[in-house]
Amino acid sequence: MEALRIISDEHKNFWRIAVTLEHVADEIDQGEKVDPAFFESVFNYIENFADHAHHLKEDDHLFRLMRLRSDSVQPMIDALEDDHRMAKQHLNELKDKFAKATHGNYTELTQSLRDYTRRLKTHITKEETEAMPLARQILTADDWHEIDTTFLDNQDPVFGEQARADFRELYHRVVSLAPDSIGLGGHSSGTLDKHAKPVSGDILLKVTGLESSYGRIKALKGLNLEVRRGETVALVGANGAGKTTFLRALSGVQPMGAGQVWFDGEDVSKVRSDQRMRRGICHSPEGRQVFGPLSIEDNLRLGAYTQPKPFLSQDLERVYTMFPILKEKRHLPAGTLSGGQQQMLAIGRALMGRPKLLLLDEPSMGLAPLLVEEVFNVVKALKREGMTIILAEQNAFAALALADRGYVLETGEITLTGNGQDLIKNEKVRAAYLGM
Ligand SMILES: Nc1ncnc2c1ncn2[C@@H]1O[C@H](COP(=O)(O)OP(=O)(O)OP(=O)(O)O)[C@@H](O)[C@H]1O
Ligand SMILES: [Mg+2]
């Protein structure tokens, strides 16, 4: 199912661009000027990759086989393929509005931008929440073998290394041209909190020589890292650097190939994930992964399953004080929450495990800039309370701005480490963050 991961990675980039375009629309409404080169780079990216590579991957491989396996998926796939067919026309409409806008008509442009991003997001959500789960159910092992072989063919003009390099370059261009205030999710949440306690704690986590692989792909190549009690450590790096794999290896859900994890004075390398959670390693995973049909309160209870019963109501109250919106909606299904609220729920659920070490995987992912700020405020508040935190983020500036220390991860290796503020100024960090 490597193919699904590749598609999801591409979705993530499209999503970031959609969020950025929405923000750009707001800025234009407020009278800001936006560099035409930025729009050209977005159009270029979408044309080259959505229309040529991304849609083809889905239509010719994934969707074709899904159609063979099940009749009931036809209407859904028809609709998704219609979206793909219409994509070019929708982009042309947007380009048209952009051309006119340069003569002063901005209302139509911002309207068109919002229509465009709304469609894009709806489409991605549909693929992620409906088509992909179904594909996992109905496709056979042989199907996956066929799809994955094509997707991993490095010589292929659509799937190969060259195409990926082109894709990265176009994306980088979009990032570097995005208005400063946006920076494609690179919002700074301000400077280091001066009132934070100085970190003088003992070493809570010590990782040495950690390796982890997916089949023959080594995703982590011997990581060394230390976290002191009370410290907030940012783990930054581009798409695919290995942040998620690292956090999953720490919480024990991802097998370690080599290395050691010492936690709170004990070697937990061979300890199972539920036992690590009992010892206080609590994880808020990438993509939130809340249980949509369950109520918000039940989701929180799930986070407390390793805890003695008497703690429950008091811990729930604590989470509710932190996130009043969750209290208000506690009997509703978690699936009814907005993206930002689900992120709060995912963090709340991790807190229910009474963490000694809280692992946060891209809490700002896919959120509009204002919500990003809110999530980082939550992290700051936890930090102030003395919680020990590892914060994995592509959003490097925001993460480093609030962290005591940071590690830069590049293709499975730590390439730089230092205090958060120093890293922010480092050219290499900027490069790593931009995925170059
Ligand atoms: N389930 C998987 N099967 C095969 N390879 C995988 C799988 N998950 C991740 N990888 C590969 O492992 C490497 C590290 O991926 P990982 O998801 O840990 O990176 P990341 O830094 O969290 O990226 P992102 O910022 O996109 O979340 C990448 O090369 C990725 O392609
Ligand atoms: Mg990740």
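## A quick tour of the model

Of the 17 residues around ligand 1, the ones that come nearest are Tyr-214, Ala-219, Lys-243, Thr-244 and Thr-245. Keep in mind that this is a predicted model.

**Around ligand 1**

- Sort the shell by class and you get 4 nonpolar, 7 polar and 6 charged residues.
- Three elements each supply at least two of the shell residues: α1 (2-29), β2 (217-228) and α7 (243-251).

**Helix α1**

- α1, one of the elements that supply the shell, has 28 residues.
- From its first C-alpha to its last, α1 reaches 41 Å, which is close to the 40 Å expected at 1.5 Å a residue.
- Just after α1 comes Gly-31, with a positive phi of about 90°.

**The sheet with 4 strands**

- Here 4 strands line up in the order β2-β1-β4-β5, forming an open sheet with antiparallel pairing.
- β2 and β5 (266-267) stand at the edges and have a single partner strand each, so one side of each has no neighbour in the sheet.
- Further in, strand β1 (residues 203-214) pairs with strand β4 (residues 258-263) over 5 bridges, in the antiparallel sense.
- If you want to find that pairing on screen, look for Thr-208, whose bridge partner in β4 is Gln-260.

**The sheet with 6 strands**

- This open sheet runs in the order β6-β7-β8-β3-β9-β10, and its pairing is mixed.
- Its edge strands, β6 and β10 (413-419), each pair on one side only.
- On average, neighbouring strands of this sheet are turned by 15° against each other, ignoring direction.
- For a parallel example, take strand β6 (residues 281-284) and β7, which pair over 4 bridges; Ser-284 has Leu-360 in β7 as its bridge partner.
- β7 also pairs in the parallel sense with strand β8 (residues 388-393), over 5 bridges, and there Asp-361 stands opposite Ala-392 in β8.
- For an antiparallel example, go to strand β9 (residues 405-410), joined to β10 by 6 bridges. Val-408 has Leu-416 in β10 as its bridge partner.

**A closer look at β7**

- Is strand β7 (residues 357-361) mostly covered or mostly open? Mostly covered: 5 of its 5 residues are buried.
- In a regular strand, side chains alternate between the two faces of the sheet.

- You'll find Arg-288 in the loop between β6 and α9 (296-303).
- Why does Arg-288 count as buried? It has 22 other C-beta atoms within 10 Å, and 20 or more is enough.
- The loop between α12 (339-351) and β7 is where Arg-354 sits.
- Arg-354 is partly exposed, because it has 18 other C-beta atoms within 10 Å, and that label covers counts between the exposed limit of 12 or fewer and the buried limit of 20 or more.

Definitions and conventions: Residues are numbered from 1 along each chain as its sequence is written. Chains are lettered from A and ligands numbered from 1 in the order in which they are written. This is a predicted model: local features need pLDDT of at least 70, side-chain atom pairs count only at pLDDT 80 or more; totals for chains, interfaces and linings use all residues. Two strands pair if DSSP finds at least two bridges between them. A residue is near a molecule or strand if its C-beta atom, placed from the backbone, lies within 6 Å of it. Ala, Val, Leu, Ile, Met, Phe, Trp, Tyr, Cys and Pro count as nonpolar, Asp, Glu, Lys and Arg as charged, and the others, Gly among them, as polar. The expected span of a helix is 1.5 Å times one less than its number of residues. Axes are lines fitted to C-alpha atoms, for helices over the stretch in contact, and angles run from 0 to 180 degrees between N-to-C directions.
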